[in-house]
Amino acid sequence: MAKLALPQNIGTTLLVEREDGSNRYYTIVDEIVLLKPGNSMRALCFQKLQSKKGGLVRFRFSYYYAADDGWVLAQIAPYLVDQDFQQLVTKAVKKGWIQLGL
């Protein structure tokens, strides 16, 4: 298989079904894409999403895998509001799980 360009999803609209059965639309406004170390057939994406209605910002992690015809979404993780993400990162830094090179 020829080497694929990294997945690019900025501008893509997502339909998310909420727990109550209602739908919410999000647009991917930015993303960070990393090839999985040791496996160029897998990519980890960290995406910033914004709701179409109200402008609510969420973040999500997702994995993509390389198929014959391009990148395919393999798995997604929970959506996070910015305060929750900041709190998780702050706690991870305090526990020594990660270091921020600021």
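Phe 59 in strand 4 (residues 57–67) has Leu 80 in strand 6 as its bridge partner. Strands here are DSSP runs of E with at least two residues, helices are runs of H or I with at least four, and both are numbered from the N terminus. Two strands count as paired if DSSP finds at least two bridges between them. Strand 4 and strand 6 (residues 80–81) run antiparallel and are joined by 2 bridges.

Before we go on, keep in mind that this is a predicted model: local features need pLDDT of at least 70, side-chain atom pairs count only at pLDDT 80 or more, and totals for chains, interfaces and linings use all residues. Residues are numbered from 1 along each chain as its sequence is written, and side-chain values use heavy atoms, with hydrogens and water left out.

**How the strands pair up**

The chain has 1 helix and 6 strands.

| Strands | Direction | Bridges |
|---|---|---|
| strand 2 (residues 23–36) and strand 3 | antiparallel | 10 bridges |
| strand 3 (residues 39–51) and strand 4 (residues 57–67) | antiparallel | 9 bridges |
| strand 4 and strand 5 (residues 70–76) | antiparallel | 6 bridges |
| strand 4 and strand 6 (residues 80–81) | antiparallel | 2 bridges |

Now for some residues you can look up in the model. Leu 34 has Leu 44 in strand 3 as its bridge partner.

What about the turns? Strand 3 and strand 4 make a hairpin with 5 residues between them, and Gly 54 in that turn has a positive phi of about 95°. Another hairpin takes strand 4 into strand 5 through 2 residues.

**Rings that meet**

How many aromatic pairs does a search of the whole structure find? There are 5. Rings of Phe, Tyr and Trp (its six-membered ring) pair if their centres lie within 6.5 Å; planes under 30 degrees apart are stacked, over 60 edge-to-face, and the rest tilted. Phe 61 and Phe 85 form a tilted pair, at 6.4 Å centre to centre with 45° between the planes. Phe 61 sits in strand 4 and Phe 85 in helix 1 (residues 82–94), so this pair ties together parts that are 24 residues apart in sequence. Ring pairs also link Phe 46, Phe 59, Phe 61 and Phe 85 into a cluster. Is Phe 61 buried or partly exposed? Phe 61 is partly exposed, with a relative accessible area of 32%; buried means under 20%, exposed over 50%, and partly exposed in between (1.4 Å probe, protein chains only).

**The whole chain**

Zooming out, 27% of the 102 residues of the chain count as buried. The C-alpha atoms fill a box of roughly 40 × 40 × 25 Å along the principal axes. Among contacts (heavy atoms within 4.5 Å) between residues at least 6 apart in sequence, 30% join residues at least 24 apart.
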